[in-house]
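Hi there,

Here is the structure I promised to hand over to you. Have a look at it first, and then read my notes below.

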Amino acid sequence: MESPGDRKYTKTHEWVALEGDVATIGVTDFAQSELGDITYLELPDVGDTISLDQAFGIIESVKAANDIFSPVDGDVVERNEDVVSAPEMINASPYSDAWLVRIRVADPKQLDALLSAEEYAELAKSSAH
Amino acid sequence: MAERPEDACGGREDDLNMKDKDAESGEMELRETALRSRHAELGARLIPFAGWLMPVQYSGVIDEHRTVRSAAGLFDLGHMGQVRVTGPDALPYLQLITTNDVSALSPGDAQYSLLPNEQGGVIDDIIVYRLADEPGYLVVVNAANHAKDVSWMQQQRSTRPELQVDVDDVSESLGMIAIQGPTAAAIVAELTETDLSGLEPFHCLRATVADLPVIVARTGYTGEDGFEFYVPQEQTVALWDALFAAGASRGLKPIGLGARDTLRLEARMPLYGNELADDISPIEAGLGWAVKLDKGSFIGREAIAAVKESGPLRRTVGFQLLERAGSARHGYPVKLDGRDVGVVTSGAHSPTLGSEIGLALVDADVAGVGRPLEIVIRGRPVKAEQVKLPFYRRARD
C-alpha cells in the first residue's frame, strides 16, 4: 500500500493528516504489516492532553505490544471507537477507516518537522525485512 | 510506534519475536530445511528459530490458525530431530531415560513421553515410536533441544557399557511434514492406496504416499486430526508439493510457527521452555499421566515420586482474562489479592475462543477451576479466571 501523499509521517510509523487545527493520527501500512494480526488497541480518552513524542496508546498484535507515539502536542477531541472494538481494522484500512484519534493541535507548524510521503516510503523500504 | 520488548513473543532464546533477531542473524549460522525455496515462493515471513530459518507466518497467524481448525494446514517440521534407538537393549535403555512406559508400545504404536533429569525435572518432551515390522524405536525431539538431547542420550548410553544399544541421530536423513485439520484425512487419502482410516491416534505405519516411501503417524501438535510424515530428506519437497496440490481444493494452506503456537496452546499442549523446563516437575506441569512410576527404575524417578507423594507446591492452570487489557504473555507475573502467586508460562489471543487465554504455573493453594487470578499486564493486575482444560477440544465423530 502506498503512503498517501496528503499527509505527513513519523520515523516511528504514525501518519498525521491536518484539517484546520485538527490532526487525525493513525499508523502506517508498513506498521500494520510488520505487526501482523492486530488484536488489541488502547487509546487516550477524549479530553486527554497528549505531548509530542509521548507514548499515548498501545497497539498489540499476535507478535507483540507496541507503544504509539504522538507527532504533536494537543488535546484529544475524538477517538475511533469502531477500531477499539475491532482492532483488526488497522490491518485492513490503516489509512482510512482505521484512523485512531483526532487531536486539536496547539501548533499546526509541528507537522512541518515530519516526513513527507516520499521520505517515509524511503524509510519503510530500508526498514523492511 | 515502537515495540515494548517485555510485551513481545517468547523472550527466550528460541522465541517467535520477528524483529530484533534479524540484526543478529548475520552472526548466527542458520540452518535451512529442504522446503526453504517453497517458503520463499509462498511469501513466508522467515525468522530464526532454534538455529533454523523458519516460516513464522504466510497469510497471517489468525487466518492460518482458523484454516487448521476449519480445513487443513501444512507444516514444515524439518527443524525437529529424530533419533533411532536400536539393539538388544533398546527397551531397557529407553525405559531408563524416559518417564512413560515404553514396554506398553506394541508394533505400530507411538507415545508422548518426557526425558527426565536426575532432579526430577524435564530435559525435553518427546514422542517415542515403535514401528511395525522392524526392531528398535524412533525418538522425535524438539528442535530447540536437539543437541542437548542427543548429547544426553549418548552420555546415558556410554556410561552404561553393559547395555547393547545404538543411538543414532538420523535427523539429517529425514524430512518431516505435518498435515492437520478436519480435511487432512481426505486430502491424504487421495495420495495413497493404503487405507489410513484405520490408523488410530498415536499409531504409525509405513506407506506409500504420493509414490514416496513414508512413515505416517496419526500424531500432531494442534488438537486436530492429522498426520505427521517422516520422509527421506531428498523427497521432502516432492511430498510437500503433492500434499499442497491435493489440498488445493480442500482449503489447505501452509502454516507457520506463529499459528503452530496458538493452536497447541488452545489444545493445552506444553511447549518446552514455557510449561516444561529442567526445574519444573512433570507433576507440576500437569503431565503426571506421562509418568509411569510403576514401570521400574528410571532417571529422576525418586524425585518425581516424592513430588507426587507430598503433592506439588505449584500447579499449571489454564486461565482466561475477564477484562480487555491485551494479551497475557510468557513471563508475566500472576498475583492474587496483591500477593505474588506465580507466572504466566504461555499466553495468547485465542482465535477460536475470541478471548485472551494462557497457562500459568501458580502456587498449588490458589489453583482450581473457577477461582480467580490477576495477570499483571504493563504494570496493572488484570482480572482472570481459571478455566477447565483444554481450552479447545475438537468435535469427535
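Strand 7 (residues 64-69) of chain A pairs with strand 1 of chain B in the antiparallel sense, over three bridges. Strands here are DSSP runs of E with at least two residues, helices are runs of H or I with at least four, and both are numbered from the N terminus. Two strands pair if DSSP finds at least two bridges between them. Within this pairing, Ala64(A) stands opposite Ala8(B).

Before you go on, please note that this is a predicted model: local features need pLDDT of at least 70, side-chain atom pairs count only at pLDDT 80 or more, and totals for chains, interfaces and linings use all residues. Residues are numbered from 1 along each chain as its sequence is written, while chains are lettered from A and ligands numbered from 1 in the order in which they are written.

On its other pairing, strand 7 of chain A joins strand 6 (residues 55-61) of chain A, antiparallel over five bridges. There, Asp67(A) is the bridge partner of Ile58(A).

Which order do the four strands of the open sheet have? The order is 4(A)-6(A)-7(A)-1(B), with antiparallel pairing. Strand 4 (38-42) of chain A and strand 1 of chain B are the edge strands, each pairing on one side only.

Now for the contact between the chains: 19 residues of chain B touch 21 residues of chain A, where contact means C-beta atoms, placed from the backbone, within 7 Å. Strand 1 (2-8) and helix 3 (61-70) of chain B each supply at least two residues of chain B's side. Strand 1 of chain B gives the largest share, five residues.

Enjoy exploring!

Methods:
Contact = placed C-beta atoms within 7 Å.
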